[in-house]
Amino acid sequence: MLDCKELVTHVYKKYDSTTRQNILVSEIIKNASWFRTQQSSINNTTVEAKDIIKVRISLESIENIPEISKGDIMIRGKADIDNLSYGQIREEYLDSFTVGTVTYNLNSLPYSRHIRCEGN
């Protein structure tokens, strides 16, 4: 797939039975593209950034398909999230977003199979 040459870090919650709490886990995903559309919204007298980020992950040569869900965090590049909370991750890595929508395109030709996720 064209332009899928970047790394992204996928951060998601996983239940830990020993502590009986959700913990944050990260995985590096290769063969991704990262597109940012700059937008803003005006509230009374303030302007707030509402950029929309779209990530496309090529599944052409991936054996284990990542399970991306709404609410997960995607970070551009390789990220170290040890000892960071969900909110701290977003503050630390400005080139990141919370996944709002995920679409899996698995029923096409092998070279065009991909995952598309979008958020802000």
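How many bridges join strand 5 to strand 8, and in which sense do they run? Six bridges join them, and the two strands run antiparallel. Strands here are DSSP runs of E with at least two residues, while helices are runs of H or I with at least four residues, and both are numbered from the N terminus. Two strands pair if DSSP finds at least two bridges between them.

This is a predicted model, in which local features need pLDDT of at least 70, side-chain atom pairs count only at pLDDT 80 or more, and totals for chains, interfaces and linings use all residues. Residues are numbered from 1 along each chain as its sequence is written, and side-chain values use heavy atoms, with hydrogens and water left out.

Start with the whole chain. It holds one helix and eight strands. Read along the sequence, the pattern is β-β-β-β-β-β-α-β-β. The C-alpha trace spans about 50 × 40 × 20 Å along its principal axes. Of the 120 residues, 27% count as buried. Buried means under 20% relative accessible area, exposed means over 50%, and partly exposed lies in between (1.4 Å probe, protein chains only). Now take the contacts, meaning heavy atoms within 4.5 Å. Among those with a separation of 6 or more, 53% come from residues 24 or more positions apart.

Go back to strand 5. Strand 5 also pairs with strand 2, in the antiparallel sense, over six bridges. Across this pairing, Trp 34 stands opposite Val 55 in strand 5. On the strand 8 side, Ile 57 stands opposite Ile 115.

Next comes the interior. A nonpolar core is a set of buried Ala, Val, Leu, Ile, Met, Phe, Trp, Tyr and Cys residues joined through side-chain atoms within 4.5 Å. The largest one has 14 residues. Those with the most contacts inside it are Trp 34, Val 55, Ile 57, Ile 68, Met 74 and Phe 97. The elements giving two or more residues to this core are strand 2 (21-37), strand 5, strand 7 (96-105) and strand 8 (114-119). A second, separate core has six residues, including Ile 73, Ile 75, Ala 79 and Ile 89.

What does Ile 57 touch, leaving aside neighbours within four places in sequence? Its contacts include Ile 29, Ala 32, Ile 62, Ile 68, Met 74 and Ile 115.

Now look at a loop. Asp 51 is found between strand 4 and strand 5 (52-58). Asp 51 counts as buried because its relative accessibility is 17%. Its side chain makes a polar contact with the side chain of Arg 36 at 3.0 Å. A polar contact is a pair of N or O atoms within 3.5 Å; within protein, one must be able to donate a hydrogen and the other to accept it, and residues adjacent in sequence count only if both atoms are side-chain atoms. The Asp 51 side chain also reaches the backbone nitrogen of Gln 39 at 3.1 Å.

Two other loops hold asparagines with positive phi. Asn 44 sits between strand 3 (40-43) and strand 4 (46-49). Its phi is near 55°, a positive value in a residue other than glycine. Asn 44 counts as exposed because its relative accessibility is 80%. Asn 83 lies between strand 6 (73-76) and helix 1 (86-92). Asn 83 has a positive phi of about 65°, although it is not a glycine. With a relative accessible area of 80%, Asn 83 is exposed.
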